[in-house]
Amino acid sequence: MDKIGVFCSASANLPALYVEAARQLGEWIGKNHKTLVYGGSHLGLMGVVGKSVHENGGQLFGMVPMFLDEIGGVEPELNVTFSCAGLTDRKDLMLLESEVLVALPGGIGTLDEVFTTMGMRTVEEKQKKVVFLNLNGFWNPIIEFLYSLRDKGMLRHPLEEYFEVADSVEELIDIIKD
């Protein structure tokens, strides 16, 4: 897969474990001449993964909503900028441009992106899977909730069609490298 979409936090002061994982993923994407498809920000984990991809020779496709440009949060090293009105457009563009979608640790925005991706897969509108980077069990409550939905008969398809889980950057790379 050459175009790797990444959903992640744009928050500051995140645990070093998450920052280092974002850096390692970016390094792998860059050194393997892949393209990062992401929110286009220089803030938080978005900034870390983007900077690492750029420093290691990869391409940056930034989906940049107007508000991000207005607050000066756009990564200056983007190779391609996809301007969009807001977060809904950003998600649509990321789904369109990515071959796989990775969920690094993140908050409400990341959850929205993950659930939108899985929801689209449910109706077979877009056939993209999410790979959770589950460092120190970060995503366990969400994964457990998804299994509870399955156990209650609320899902149309097997969970394996919606997502995979990697507990380390190495496992994540093994999933997305093909």
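Predicted model: local features only at pLDDT ≥ 70, side-chain atom pairs only at ≥ 80, totals over all residues.
Residues are numbered from 1 along each chain as its sequence is written, and side-chain values use heavy atoms, with hydrogens and water left out.

**Salt bridges**

I searched the whole structure for salt bridges (a side-chain nitrogen of Lys or Arg within 4 Å of a carboxyl oxygen of Asp or Glu) and found 10. The side chains of Glu20 and Arg23 form one of them, at 2.6 Å from N to O. For exposure I used relative accessible area, with buried under 20%, exposed over 50% and partly exposed in between (1.4 Å probe, protein chains only). On that scale Glu20 is partly exposed at 31%, and Arg23 is partly exposed at 33%.

Further along H1, Lys31 forms a salt bridge with Glu27, their closest N and O atoms being 2.8 Å apart, and these two residues are four apart in the helix, about one turn. Glu27 counts as partly exposed, at 22% relative accessibility.

I then checked Lys91 and Asp112, whose side chains meet in a salt bridge of 2.9 Å, N to O. Lys91 lies in helix H4 and Asp112 in helix H5, so this pair ties together parts that are 21 residues apart in sequence. Lys91 is buried, with a relative accessible area of 10%, whereas Asp112 is partly exposed at 35%.

**Strands S6 and S7**

I next followed strand S6 (residues 130–133) and strand S7 (residues 163–166), which run parallel and are joined by four bridges; two strands pair if DSSP finds at least two bridges between them. Phe132 stands opposite Val165 in S7. The chain passes from S6 through helix H6 (residues 140–151) to S7 in a right-handed β-α-β crossover, that is, with the strands pointing away from the viewer, the path from the first strand over the helix to the second runs clockwise.

**Two residues with positive phi**

Most residues other than glycine have a negative phi, so I looked for departures. Asn13 has a phi near 55°, sits in the loop between S1 and H1, and is exposed at 80% relative accessible area. Asn136 has a positive phi of about 50°, its place is in the loop between S6 and H6, and at 72% relative accessibility Asn136 counts as exposed.
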